[in-house]
Amino acid sequence: MLFPTPLLQGRLVRRYKRFLADVELDGALVTAHVPNSGSMIGVDAPGSAVWLSRSDNPKRKLAHTLELVEALDDPDAPCLVGVNTSHPNGLVAAAITAGTIPELAGYARLRREVKYGRNSRIDILLEDEPRPPAYVEVKNVHLRRPARGDGQAAEFPDCVTTRGAKHLVEMAEMVRQGARAVMVYLVQRADCAYFRVAADIDPAYAAGLRLALESGVEAVCWSCRITPQAIELERPLPICMG
């Protein structure tokens, strides 16, 4: 995914009310939209270098959107992290179409935001009769905690997610009905060696994922290569449930 216009580099002053951030940009202070409902642990430090996109849509209340943050976990090897949670679905859909994700390759049709279950929408539905359909749920991952364990894990979630736990139950139900169900964890950073669930942050989600996997739900994880010009899937990461 190429950013349609050049991103603007600034410095984070503060993130607040979840969806707002004050950013110093070219000597002025601007308020940007933060398209991320999580806690953003490790990528919300005041003083961090950030990159914003800008919209010319006059109907928007805020012209700027927070896209990238330079994580300062390792001062000797700073890492760009994508924090815009509206991008992963499109990134994964494009990768599936290109055949990048082997587990999801070869389907004839791809549809997005399809209603299913009691009152939900699946991020991606893959269809190719006579094969069973594949229900694909995409989760954005940006959490890495260098002081926890070996410090190499990408982790999800970064806050309690009752909605995410609900999705796991619904995905397991699709498997019981004869379909495939696949969780895709997209890590919007390139400095992690594997993926695990942040069970200390959300034990209910960790338990729910374990039950879902035992029920036949599949899970894959990919990390991304990120620059101020583009975001693209780079390599698969192993999933550690221990």
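## A loop residue to start from

Ala-199 sits in the loop that runs between strand E12 (194-197) and helix H3 (203-214). Helices (H or I, at least four residues) and strands (E, at least two) are DSSP runs, numbered from the N terminus. With a relative accessibility of 37%, Ala-199 counts as partly exposed; here buried means under 20% relative accessible area, exposed over 50%, and partly exposed in between (1.4 Å probe, protein chains only).

Before going on, a word on the model. Residues are numbered from 1 along each chain as its sequence is written, and side-chain values use heavy atoms, with hydrogens and water left out. This is a predicted model, in which local features need pLDDT of at least 70 and side-chain atom pairs count only at pLDDT 80 or more, while totals for chains, interfaces and linings use all residues.

## Two domains

The domain assignment gives the chain domain 1 (8-82) and domain 2 (87-240); such bounds come from an automatic or database domain assignment. Their C-alpha centres are separated by 25 Å. To the contact between them, domain 1 brings 15 residues and domain 2 brings 17 residues, where contact means heavy atoms within 4.5 Å.

## The largest pocket

Where does the largest pocket lie? Both domain 1 (8-82) and domain 2 (87-240) give residues to its lining, so the pocket lies between them. It holds about 710 Å³ of space. For the terms: on a 1 Å grid over the protein atoms alone, a cavity is a set of points where a 1.4 Å probe fits but cannot get out, and a pocket is an open set with protein on both sides within 12 Å along at least five of seven lines; lining residues have an atom within 4 Å of a point. Grid points are joined across faces, edges and corners, and a volume is the space filled by probe spheres set on the points.

The lining of the largest pocket is made of 30 residues, and those nearest its centre are Ser-37, Thr-85, Lys-139, Phe-156 and Arg-163. Two or more lining residues come from each of helix H1 (88-98), strand E8 (120-128), strand E9 (131-141), strand E10 (153-156) and helix H2 (162-176). E9 gives the largest share, 5 residues. By type, the lining has 8 nonpolar, 12 polar and 10 charged residues, with Ala, Val, Leu, Ile, Met, Phe, Trp, Tyr, Cys and Pro counted as nonpolar, Asp, Glu, Lys and Arg as charged, and the others, Gly among them, as polar.

## Helix H1 and its packing

H1 has several buried residues: Pro-88, Asn-89, Leu-91, Val-92, Ala-93, Ala-95 and Ile-96. These buried residues pack against strand E7 (109-116), E8, E9, strand E11 (180-187) and strand E14 (231-236). Gly-99 follows H1 and has a positive phi, near 80°.

## Two buried strand residues

Ser-53 belongs to strand E4 (residues 49-54) and counts as buried at 15% relative accessibility. Its side chain makes a polar contact of 2.8 Å with the side chain of Glu-67. A polar contact is a pair of N or O atoms within 3.5 Å; within protein, one must be able to donate a hydrogen and the other to accept it, and residues adjacent in sequence count only if both atoms are side-chain atoms. Beyond its neighbours within four places in sequence, Ser-53 touches Leu-7, Ala-63, His-64, Thr-65 and Glu-67.

Gly-10, in strand E1, is buried too, at 8% relative accessibility. Setting aside neighbours within four places in sequence, Gly-10 contacts Val-23, Glu-24, Leu-25, Ser-48, Ala-49 and Val-50.

## Backbone details to look for

The bond from Glu-129 to Pro-130 is cis, with omega near 10°, and Pro-130 lies in the loop between E8 and E9. The bond from Phe-156 to Pro-157 is cis, with omega near -5°; Pro-157 is in the loop between E10 and H2.

Lys-17 is not a glycine, yet its phi is positive, about 50°. Lys-17 falls in the loop between strand E1 (8-16) and strand E2 (20-25) and is exposed, with a relative accessible area of 68%. Glu-113, in strand E7, also has a positive phi, near 55°, and is partly exposed at 39% relative accessible area.
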